[in-house]
Amino acid sequence: MEPATLKTEAQSKRWSHLRKILERSGPFSPPNFTPSSETLEFLLDTCKILVIGAGGLGCELLKNLALMGFRDIHVIDMDTIELSNLNRQFLFRRADIGKSKAECAASFVNARIPGCSVKPHFSKIQDFDSGFYRQFHIIVCGLDSIVARRWINGMLISMVEYQEDGSVDETTIIPLVDGGTEGFKGNARVILPGMTACIDCTLDLFPPQISYPLCTIANTPRLPEHCIEYVKIIQWSKENPFGSDVVLDGDDPQHITWVYEKAQERANTFNITGLSYRLVQGVLKNIIPAVASTNAVIAAACATEVFKIASSCCEPLNNYMVFNDSDGIYTYTYEAEKKSDCLACSQVPRLVDVVDPNTMTLQDLIQYLCDSSEFQMKSPGLTANVEGKNKTLYMSTVRSIEEATKSNLTLSLGELGLRDGQEIMVADVTNPNTILIKLKFQSNEVEMA
């Protein structure tokens, strides 16, 4: 038998399991599914997939998708490989420590799976514009950050176009498959931007991320975590004994010891107890427990959804699956519903109730946007049209603007000239787009200073 014939026969056997699904109907095939050999050709040669994250979930996703027949895959990850990753992120080896996760994962898969081409991007998702994301047929996330999830969710929603009658132009939708794990629990979901519930529609399912106001950390610390954050944010850059250009590394015992000693000094000054070396590690690394088996289950579910969407051979998940194997194995699915006033996809301003605009300061409003389960923002910048002029109320991301507007933080909403029904534009790292909120005063009578 000729070599070319042997190669063709091997290729035929390699994808025989997929042909059984794609070239004949089955009991779970939807009415619009047409069995065809062209579907497999589309998966192998045309379909373009983006994997965001190359950590515990990302490694499993890349392996699953590549073995499933997807050949044109891109992966984005901004992190480098650490020793603690090696117990579950199986695409990496000890020699890879310190290298890019995206680059090492892509190199491993490309070398191991014939015909597969994984292109790495050692960068942040925020480094790319809509033109980059528009080239993909499906995007699948294996992230450990709610901020990053919300950002890509907002990006995909902003790319959706609407027809004259207000209906969604389905050709502009890029499906998002999202997976998440924490210990023995996990979830997988399918999001069709503009049509189904998005990340922000169910934001109250996520616990608010722990953050501490800088004023509390610097002036009135009450918890050992405050002392650790003070050393991490302020003292490290001022007193760094390892060099001004050295970045704090939560895996370096010398760095952790230095932070622990400095935090202990500050804790003693303010009579704060409960500080420990382990707590310092947890705060510096924002440790979330990871279990390899949970990652495998959720990645398998996500990869299956990608396959179903790409091939139309089965109906996709509708639209949220919860998995728990902490005590036996338990899973269920349900349909998360779109929120009529969703911050990201509703296109309507979110109302913010204000009890007394004469006592509520701008700092109080910003703190509310950060602490509320409905907003969960990080460092919001606020702009409003006051008396016919666009006015930046506060913005911390640009030093010159922060210096010019920080005096507004102590002023009440009434003193700033904000009225009942006032619309405020809010920019935050959780969304690539500016969102709109509307103030609703419980009393319309505002005493102006």
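A search of the whole structure finds 2 cavities of 30 Å³ or more, where a cavity is a set of points on a 1 Å grid over the protein atoms alone at which a 1.4 Å probe fits but cannot get out, and a volume is the space filled by probe spheres set on the points, which are joined across faces, edges and corners. Please keep in mind that this is a predicted model, in which local features need pLDDT of at least 70 and side-chain atom pairs count only at pLDDT 80 or more, while totals for chains, interfaces and linings use all residues. Residues are numbered from 1 along each chain as its sequence is written, and side-chain values use heavy atoms, with hydrogens and water left out.

The largest cavity holds about 50 Å³ of space, and its lining, meaning residues with an atom within 4 Å of a point, includes Arg150, Asp200, Asp428 and Asn431. Strand S13 (431-441) and strand S12 (423-428) each give two or more residues to that lining, with the largest share, 3 residues, coming from S13; strands here are DSSP runs of E, at least two residues long, and helices are runs of H or I, at least four, numbered from the N terminus.

Turning to packing, the largest nonpolar core has 49 residues, and Ile49, Leu65 and Phe70 are among those that touch the most other members. Such a core is a set of buried Ala, Val, Leu, Ile, Met, Phe, Trp, Tyr and Cys residues joined through side-chain atoms within 4.5 Å, buried being under 20% relative accessible area with a 1.4 Å probe, protein chains only. Helix H12 (residues 292-311) gives the most to this core, with 8 residues.

Terms used. 1 Å grid on protein atoms, 1.4 Å probe; cavity = no way out; pocket = protein on both sides within 12 Å on 5 of 7 lines; lining within 4 Å. Buried < 20%, exposed > 50% of the residue type's maximum accessible area, 1.4 Å probe, protein only.
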